[in-house]
Amino acid sequence: MPIPSSATLPIRRLTPRDLSACADLSENRGWPREEHKWGLLLAAGTGYGIDDPGGGLVAGCVVTFYGPQDRPDLAAIGMVLVAERHARRGIGRRLMRHIVADLGTTPVTLHATPYGRPLYEELGFKAVGRAEMVRGRFTPGGPESGVATRPATAGDLAAILRLDEEVFGTDRTHMITRLPAFSDQLRVAEEDGRIIGYAAAWPNMDSQVVGPLIARDTEVAKALVASLASRTDLPLRTDIDVRHEELLAWVKERGLAAVAFNAVMTYGIGELPGDWTRRFAPLTVAAG
């Protein structure tokens, strides 16, 4: 059966019912299935997809909105995938053009792989930063941290949300309130009864992803990472803003190694909002 022209395949909204098809699409392109992450993104974000007449998806991605519901401050695009047998036919370009047009004047961000970056640059996205993915088994060492950390409680949620909005630059309540159910660990750093940082570790195939990682400074970030690592036997994985050179050097000294670099890109906005000095790692690169 001839493959229909990409121009004739309609783009539709995805829902949580499409989770298996999205995981199949990931697997088709050699990515992990990541059903746990897809579940979060499809529940909290807006999915876009193109159905394959032969079954499954030709392409898909998810957009996560932040800020007021009726007028978002920021949209994050992630998980942009085209099935292997439909690749190099302009489908990814068409899907991205559709999404950018759909977003109108809403500022956009995404993390681009070296493979995807030329397409995004063609569409008008600009690189404003870089994140380094690191992975490995964390080996504790060095002097004991003086920063106190503990498991987050329901009573901490309001303070976590205030801190997160201040550092991220816009409200992402609909994502952060899902962390207690989504993550295996959610911990806070505290000083004189005040929360000065927080971090989550969530399951992703054979590792624990550390993110988000929000901290007053590098020492607080280190304490949060070490406390999460001490409570799992799995390797850690995280994506650290390359400007945080001290934290990157520290995690590498303790067993994590560089896996890849992604370009942080924006459209319709110069720099990302918020305070990068306290934003060490995203919840996931797919959602910022």
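Guide: There are zero disulfides in the structure, a disulfide being a pair of cysteine sulfur atoms within 2.5 Å. Cys22 takes part in none, and the nearest cysteine sulfur to its own is that of Cys61, 9.5 Å away. Cys22 is buried, with a relative accessible area of 1%, and Cys61 is buried at 0%. Buried means under 20% relative accessible area, exposed over 50%, and partly exposed in between (1.4 Å probe, protein chains only).

This is a predicted model, in which local features need pLDDT of at least 70 and side-chain atom pairs count only at pLDDT 80 or more, while totals for chains, interfaces and linings use all residues. Residues are numbered from 1 along each chain as its sequence is written, and side-chain values use heavy atoms, with hydrogens and water left out.

Next come the open spaces. The largest pocket holds about 1,100 Å³ of space. Its lining is made of 40 residues, and those nearest the centre are Trp31, Val80, Leu81, Thr113 and Tyr115. Two or more lining residues come from each of β4 (74-82), α3 (91-103), β5 (108-112), α4 (117-122), β6 (126-136) and β12 (257-267). Here helices (H or I, at least four residues) and strands (E, at least two) are DSSP runs, numbered from the N terminus. The biggest contributor to this lining is β4, with six residues. By class, the lining has 20 nonpolar, ten polar and ten charged residues. Ala, Val, Leu, Ile, Met, Phe, Trp, Tyr, Cys and Pro count as nonpolar, Asp, Glu, Lys and Arg as charged, and the others, Gly among them, as polar.

The second largest pocket holds about 480 Å³. It is lined by 20 residues, with Pro143, Glu144, Ser145, Ala226 and Trp250 closest to its centre. Helix α8 (residues 218-229) gives the most to this lining, six residues. Eight of the lining residues are nonpolar, seven are polar and five are charged.

The volume of the largest cavity is about 50 Å³. Around it stand Val210, Leu213, Val225, Leu236, Thr238, Ile240, Leu247, Val251 and Leu256. The elements giving two or more of these residues are β10, β11 (236-241) and α9 (245-253), and β11 has the largest share, with three. The lining divides into eight nonpolar residues, one polar and no charged. On a 1 Å grid over the protein atoms alone, a cavity is a set of points where a 1.4 Å probe fits but cannot get out, a pocket is an open set with protein on both sides within 12 Å along at least five of seven lines, and lining residues have an atom within 4 Å of a point. Points are joined across faces, edges and corners, and a volume is the space filled by probe spheres set on them.

Now the packing. The largest nonpolar core has 36 residues, of which Trp38, Tyr66, Met175, Leu179, Tyr198 and Leu283 touch the most other members. Apart from that core lies another, of 27 residues, including Val58, Ala59, Ile77 and Leu123. Such a core is a set of buried Ala, Val, Leu, Ile, Met, Phe, Trp, Tyr and Cys residues joined through side-chain atoms within 4.5 Å. Beyond its neighbours within four places in sequence, Leu283 is in contact with Leu40, Arg172, Met175, Leu179, Phe182, Trp202, Val209, Gly211, Pro212 and Gly288, where contact means heavy atoms within 4.5 Å.

Gln208 is in β10 (residues 207-215) and counts as buried, at 3% relative accessibility. Setting aside residues up to four places away in sequence, Gln208 touches several others, among them Asp184, Trp202, Thr232 and Arg237. Ala263, in strand β12, is buried, with a relative accessible area of 7%. Ala263 and Ala112 are 151 residues apart in sequence, yet their C-alpha atoms are 5.0 Å apart. Arg150 belongs to strand β7 (residues 148-151) and is partly exposed, at 22%. From Arg150 to Ala189 there are 39 residues in sequence and 6.7 Å in space, C-alpha to C-alpha.
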